[in-house]
Amino acid sequence: MSKQEYCHILRSSNNGQRELILETIHRLHLSDSIPIQIFFSGPAGSGKTYVLKLLMETYNRYTQQHNSLRNAFVACASTGKAAVNLGGVTVHSAFKITQSRRIATMAREGLQNYRSTFIGVKCIIIDEVSMIGCDVLHKINLRLQEITGVDDQPFGNLNIIFCGDLHQLPPVNASPVYKGPRDSICGPVLWQPLDYYPLEQVMRQSDSTFSEILTKIGNGERLGTEQIALIESRFRSRAWCKVNELATVHLFHRNHDVDAYNNNAFIHEFENIADDKMIGYNTLTEVATARRNLHKMSIVESGGLPYSLKLAVGYPYMIIMNLDVEDGLVNGAIGMLKYIEYLTEDEQMTIYGMTEVDVEPQPSTSTRIRKGVRLWLEFPNPSMGQLCRVKAKPHVMCKRDVLDLKWTPIVTRAQ
């Protein structure tokens, strides 16, 4: 970002946004200033992400050495989708946090590498904090104390900015970030000392009426009669949507309803069936029992891997797990399926470590395929899968009659 562009963006910010930037610049020029540790919040459209990116540029401008190749901040978020919007990584990736309730100390070599990476880092930015549980918050604190070596100050005495709206989605199967851990009697000792900095002016919505409705819904306030009528004026029947909005994303409460809609929405060309590889068994009875138990598992219990995936070229598909956060291939990314490519035996050996599986044979005319496939998707945002397309360019050039350089390859996952 050029100096002229930075100054222009700073001048175009409102008073609440600009005040936080100026306070940050002021403290960066003080040798013994207290670190900025705040909860930065505001309603949807108030410009939180806009300010975060401005803060990231501010830290780089006022703390970096000349021609520095490293950022003066660590930007991360609770989900892959939010991390892509911020230009960062997930919280678990940034601080090497696992799903275990206990946080293990890092090995000496890994800790030294992390400390080298954190040289020059002045600020930690964490977006969508509403979806982070209090246990993860304490893991972040312990990790930062371990990296900085400052054990008697919260978050290693670093500047840290938690951003989000607590009216939005809470963490899944975890206590909210503003509560204390279940196994602690101290309460929310990390959350309570944070300073609260809210943005009140909504910038994204030019329509003040609609902006007021969104704010009321977020605050749980009752809508007026005219406001309810405005919302209901947007209701459409299923028949109308089938004719006018074919590509609209449908939202459901349960995965069962999602599967039922998808199965009736299109006629699939192929059904990719998962391969069950059993190891460590003594008898075939144990294999049969394990297979039955496996097929009873939900998608969540199986690590996000469905038993069958219905495929049809020309339909949109959504990625439901983080494949590569830095490349934008994250949970929620939607692309149009353009081509289904079958993997060779050598490719299956490289990816899955096997070429054949002990399964019942399938007839040659069956659309149920167990062979590994590579799906080629076209995303509306060119930045999604850009690195992946660069790596796949030699392969595409060898098959220009069926593949396109704008398509991103997604390989079925093994776990």
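**Where is Phe155 found?** Phe155 sits in the loop between helix 7 and strand 5. Before we zoom in, a word on the ground rules. This is a predicted model, in which local features need pLDDT of at least 70 and side-chain atom pairs count only at pLDDT 80 or more, while totals for chains, interfaces and linings use all residues. Residues are numbered from 1 along each chain as its sequence is written, and side-chain values use heavy atoms, with hydrogens and water left out.

View 1. Phe155 has a positive phi of about 55° although it is not a glycine. Phe155 is also buried, at a relative accessible area of 0%. (Buried means under 20% relative accessible area, exposed means over 50%, and partly exposed is in between, using a 1.4 Å probe and protein chains only.) Lys96 isn't a glycine either, and has a positive phi of about 55°. You'll find Lys96 in the loop between helix 5 (91-94) and helix 6 (108-117). With 48% relative accessibility, Lys96 counts as partly exposed. Helices here are DSSP runs of H or I with at least four residues, strands are runs of E with at least two, and both are numbered from the N terminus.

**View 2. Gln37 and its contacts.** Gln37 belongs to strand 1 (residues 37-41). Its relative accessible area is 15%, so Gln37 is buried. Leave aside the neighbours within four places in sequence, and Gln37 is in contact with Pro154, Phe155, Asn157, Leu158, Ile160, Leu194 and Asp195. Contact here means heavy atoms within 4.5 Å.

View 3. Strands of a sheet pair through backbone hydrogen bonds, either parallel or antiparallel. This open sheet of six strands has parallel pairing and the order 3-2-4-5-1-6. Its edge strands are strand 3 (89-90) and strand 6 (195-198), each of which pairs on one side only. Two strands pair if DSSP finds at least two bridges between them. Strand 4 (residues 123-127) and strand 5 (residues 159-163) run parallel and are joined by four bridges. Look for Ile124, whose bridge partner in strand 5 is Ile160.

View 4. (For angles, axes are lines fitted to C-alpha atoms, for helices over the stretch in contact, and angles run from 0 to 180 degrees between N-to-C directions.) Strand 10 (residues 334-342) and strand 12 (residues 373-378) run antiparallel, with six bridges joining them. Leu337 stands opposite Leu377 in strand 12.

**View 5. The two sides of helix 1.** In helix 1 (residues 3-12), Tyr6, Ile9 and Leu10 are buried. Seen down the helix axis, the buried residues of helix 1 fall within an arc of 100°, so they line one face. That arc is taken from the directions from the helix axis to the C-beta atoms. Helix 2 and helix 3 are among what covers these buried residues.

View 6. Side chains of opposite charge can pair when their charged atoms come close. A salt bridge is a side-chain nitrogen of Lys or Arg within 4 Å of a carboxyl oxygen of Asp or Glu, and the structure holds seven of them. One joins the side chains of Glu23 and Arg27 (2.8 Å, N to O). Glu23 and Arg27 are four residues apart in helix 2 (residues 15-28), so about one helical turn separates them. Glu23 is partly exposed at 33% relative accessibility, and Arg27 is partly exposed at 24%. Glu57 pairs with Arg61 in a salt bridge, the closest N and O atoms being 3.0 Å apart. Glu57 is buried at 16% relative accessible area, whereas Arg61 is partly exposed at 33%.

**View 7. A stretch to read with care.** The protein chain has a mean pLDDT of 81, and 87% of its residues reach 70 or more. Over residues 355-365, though, the pLDDT is below 50. pLDDT is the predictor's confidence in each residue, from 0 to 100.
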